[in-house]
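Dear colleague,

I am passing a structure on to you, and it is placed just below. After it come my notes on what turned up, arranged so that you can follow them with the model open.

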Amino acid sequence: MSGLYTNNAGVLQKNITVQNIITLHQFICANSNYIQQGGFGDIFEIDIDQNQLFPIAHLSIEAADYTSHELTYRFRLYVMDLVNKDQSNENDVLSDTLQFVGDYISQLKHGFSALGVSYDMENDFRLNDNISCEPFTERFDSQVTGWAANLNITVSFNASACVTDTM
């Protein structure tokens, strides 16, 4: 994996950060023909309001693990949409939201440029090969249905004391 990175503010940093991954998430959501709203944060921060724009893709960080030369971020991606009160479109919502999860995974695995920064998904970071997805229905005390996907993103960890003056 690579060494130093320049963030969106032009500041040198020694590892791909959570903020870099949030930026990628926001870019994927903003450029999707399906997702109307992308968010990041604790799952309890999702404000499910029937007047809110749906479908939603929300990313939450669950944990992070350091090894000698790598840092693995553990995220959970929630993709959800409203279901009719009679649940007549529940299967469609499950199908469409899972399809977006697959599209999201494809974009993270194959690389792209976001906001003027090119990401090499084979060298800058790796998405785990086996991604488990769990369906949910009537979540958040609301008529939303969708999928939660567990994503592990591994980046290089430069533990060198020589670059401690970077972000």
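**Helix α1**

Helix α1 has 13 residues and spans 18 Å from its first C-alpha to its last, close to the 18 Å expected at 1.5 Å a residue, where the expected span is 1.5 Å times one less than the number of residues. Helices (H or I, at least four residues) and strands (E, at least two) are DSSP runs, numbered from the N terminus. Please keep in mind that this is a predicted model, in which local features need pLDDT of at least 70 and side-chain atom pairs count only at pLDDT 80 or more, while totals for chains, interfaces and linings use all residues. Residues are numbered from 1 along each chain as its sequence is written, and side-chain values use heavy atoms, with hydrogens and water left out.

The buried residues of α1 are N20, I21, I22, T23, L24, H25, I28 and C29; here buried means under 20% relative accessible area, exposed means over 50%, and partly exposed lies in between (1.4 Å probe, protein chains only). C29 has a relative accessibility of 5% and therefore counts as buried, whereas C133, at 28%, counts as partly exposed. A search of the whole structure for disulfides, meaning pairs of cysteine sulfur atoms within 2.5 Å, finds 0.

**Strands and loops**

Two strands are taken to pair if DSSP finds at least two bridges between them. Strand β4 (residues 56-66) runs parallel to β3, with 4 bridges joining them, and H58 in β4 is the bridge partner of G39. On joining β5 (residues 70-82), β4 runs antiparallel, through 10 bridges, and the two form a hairpin with 3 residues between them; within this pairing, L59 stands opposite L77 in β5.

Two loops deserve a look as well. In the loop between β3 and β4 lies P55, and the peptide bond from F54 to P55 is cis, with omega near 0°. The loop between β5 and α2 holds Q87, which has a positive phi of about 60° although it is not a glycine, and which counts as partly exposed at 34% relative accessibility.

**Aromatic pairs**

Rings of Phe, Tyr and Trp (its six-membered ring) pair if their centres lie within 6.5 Å, with planes under 30 degrees apart counted as stacked, over 60 as edge-to-face and the rest as tilted. By this rule there are 4 aromatic pairs. In one of them, the rings of Y34 and F100 have centres 6.2 Å apart and planes at 35°, so the pair is tilted. This pair links distant parts of the chain, since Y34 is in the loop between α1 (18-30) and β3 (37-40) and F100 is in helix α2 (residues 90-110), 66 residues apart. F100 is buried, with a relative accessible area of 4%, and ring pairs link Y34, F100 and Y104 into a cluster.

**Nonpolar cores**

A nonpolar core is a set of buried Ala, Val, Leu, Ile, Met, Phe, Trp, Tyr and Cys residues joined through side-chain atoms within 4.5 Å. The largest has 27 residues, of which L77, Y104, L108, L151 and I153 touch the most other members. At least two of its residues come from each of α1, β4, β5, α2, β8 (125-127) and β10 (144-156), and α2 supplies the largest share, 6 residues. Apart from this core lies another, of 10 residues, among them I46, F54, I56 and Y78.

With best regards
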